[in-house]
Amino acid sequence: MSAALPIPVIQLLQVLTVALGAPGVTGVIAKVEARLQGRRGPRVLQPYYDLAKLFRKEALAPEGASWFFLAAPLIAVTAYLTIPLLIPVLTTYGLPLGYMGDILGGGFLLSLASFVIATAALETGSPYAQLGSSRAKTFSAITEPVVLFVVFTVALLTGTDLPYALAATVRSSAGQVIRPAHLLAATALFMVILHETGRIPVETHTGTNEFGMIEEARSFEHSGPYLALLKWASELKQLILFTILADVFLAPWGLAASQHLDSVVLAIAALLAKACAVGCVVAVIDNSFAKLRLFKITEFVSAAFLIAVLGVFTLYLGGG
Amino acid sequence: MDPTQAPGVYEGVANVIAAVMLLIEFGLLRQALARDQIRLYMAQSALISVLAIVIAADRNLPDLYALAGLSAALKVVVVPLVMRRLLGRTGPEEGEEAAGVAGSQTLSPASAVLAGIVLAAVGFFCFGALKIHGPAAPALALALAAAMVLVAFGLMIVRRDVASQAIGFFTLENAISLAALVVASGLPLILETAFLFDLLVAVVVFGMLIRTHHGRSESLSTSDLTRLRG
């Protein structure tokens, strides 16, 4: 039996796992994607080298931009690093700070981060950055109802809106996994995540084609360490969303049930493995469907909305 | 019923199958090619056979295995084959893509889905309020079947082409089969089979309709029918 870790250390480890694991997960996805396209692809560690390089570079701000332009990346990364405190990343039991916000609290932090990045992009006066932030805000407004309905489903399933409670409910019996409300909510959330991480339906997350850009375009005017922070923020966001999907909805197994070192280490490995597995699925989906035209995005979102609404309906009839 | 309590695994599986069938119905609403519509119909029909097998295995009703086999043979193989041949014949040239049904939407796909959600909600809550509990399958599956019936009607209304309307009618039959499985899965096999053969009649009628309509107006669209002829 190994030593028991103090609770604050585990809490810190949750944040560190997400912070340090995020570029790695992005690297794995990029590698898998390249292999699917018949390329050799970059090293798995490439995102770390990219970040290290950018952190050493000089930072420039466009003329006329205020202090907010430089503060925004910091605020965004801080918001993203607060979320791992609220969701089950490593443990099945709630950590002390885990109850300072519920699912809506996590949602607010995600929106806050995206809002400050968009505002910073508006500061620049560059048309592409503004286009990107305007698109990002428009489309996040239409995906919001889907997220709300997923939250409603969680609330009806557990009687609370705490992510820990849902994970515990899903773990409790096979009947909870197979029930339609749970599967429909998880599917709707997965579709939202595809959209939010800039995969299908319209965005090319790696390309520099302005027409397909939503999120990527917002960091056009940032440079040096600030650009590095923004890149890191989008990797963090991706890992956080994958963690919510895997540890709260789809597979809340492999989390540490005790404070022992070995179970926590196992939980870290399990989380990264689950995130990479979700990433592989995303990469396969990304490579097997054609991109939609930008204004077809409402169709994609309406499909996700339909699935989320059906989840709530089935619960209201009992037995869903 | 307390929603935080999960129903059993068997009920969960039956409900999930019914829910996926309803989602396929929605998929038909926005599908642009007749070929893909037929594919979705095949998937939906295959699912209802799977549901019959699940009910048969769990509730020990061996008749349902036969029904599942028969229904799969008819709805997954025969009906799609007949539909493909019919639509193939209406294609512009030999070997070309069958006539498209893309332009037949009267609502944009997103609005059609929203309208479908409203229809499904009506079906859901009306049947939920009736509180019919079959011995075999859960009440939720019945409500899903009711929603499917209404969405299938919606499909026949919002699409202005004969092919979509035929598929809409066939999926209507699927929805009714689902409801029958839920409330009366112990029905004698001979009656169930008789219902299946009703479908064959419908296929023949719709086949005639598609061919006559195409022969007269050179298209699958029913919007030409609004013009008065002297």
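Predicted model: local features only at pLDDT ≥ 70, side-chain atom pairs only at ≥ 80, totals over all residues.
Biologist: Thanks. How many residues does helix 2 of chain B have, and how far does it reach?

Modeller: Helix 2 of chain B runs over residues 34-59, which is 26 residues. From its first C-alpha to its last it reaches 37 Å, close to the 38 Å expected at 1.5 Å a residue.

Biologist: And which of its residues are buried?

Modeller: Quite a list! Among them are B:Ala34, B:Gln37, B:Ile38 and B:Tyr41. Further along helix 2 of chain B, the buried residues include B:Ile48, B:Leu51, B:Ala52 and B:Ile55.

Biologist: Switching to chain A: what secondary structure does it have?

Modeller: Chain A has 11 helices and zero strands.

Biologist: What about its overall dimensions?

Modeller: The C-alpha trace of chain A spans about 55 × 50 × 40 Å along its principal axes.

Biologist: How much of chain A is buried?

Modeller: Buried residues make up 54% of the 320 in chain A. As for contacts with a separation of 6 or more, 80% of those in chain A join residues 24 or more positions apart.

Biologist: Nice. How do helix 4 and helix 5 of chain A cross?

Modeller: Their axes come within 9 Å and cross at roughly 175°. That makes helix 4 of chain A roughly antiparallel to helix 5 of chain A.

Biologist: Which residues make that contact?

Modeller: From helix 4 of chain A, they include A:Ile103, A:Gly107, A:Ala118 and A:Leu122. Helix 5 of chain A gives, among others, A:Gly132, A:Ala136, A:Val147 and A:Val151. By type, the residues of this contact divide into 10 nonpolar, seven polar and one charged.

Biologist: Last topic: how many residues does each chain put into the contact between A and B?

Modeller: Chain B gives 29 residues and chain A gives 28. On the chain B side, the elements giving two or more residues are helix 1, helix 4 and helix 5. Helix 1 of chain B supplies the largest share, 11 residues.

Biologist: What kinds of residues are on that side of chain B?

Modeller: They divide into 22 nonpolar, five polar and two charged.

Definitions and conventions:
Residues numbered from 1 in each chain as written. Chains lettered and ligands numbered in written order. Contact = placed C-beta atoms within 7 Å. Helix = DSSP H or I, 4+ residues; strand = E, 2+ residues; numbered from the N terminus. Nonpolar A, V, L, I, M, F, W, Y, C, P; charged D, E, K, R; others polar. Buried ≥ 20, exposed ≤ 12 C-beta atoms within 10 Å, placed from the backbone. Axes fitted to C-alpha atoms, helices over the stretch in contact; angles between N-to-C directions. Parallel < 35°, antiparallel > 145°, perpendicular 65-115°, else oblique. Expected span 1.5 Å × (residues − 1).
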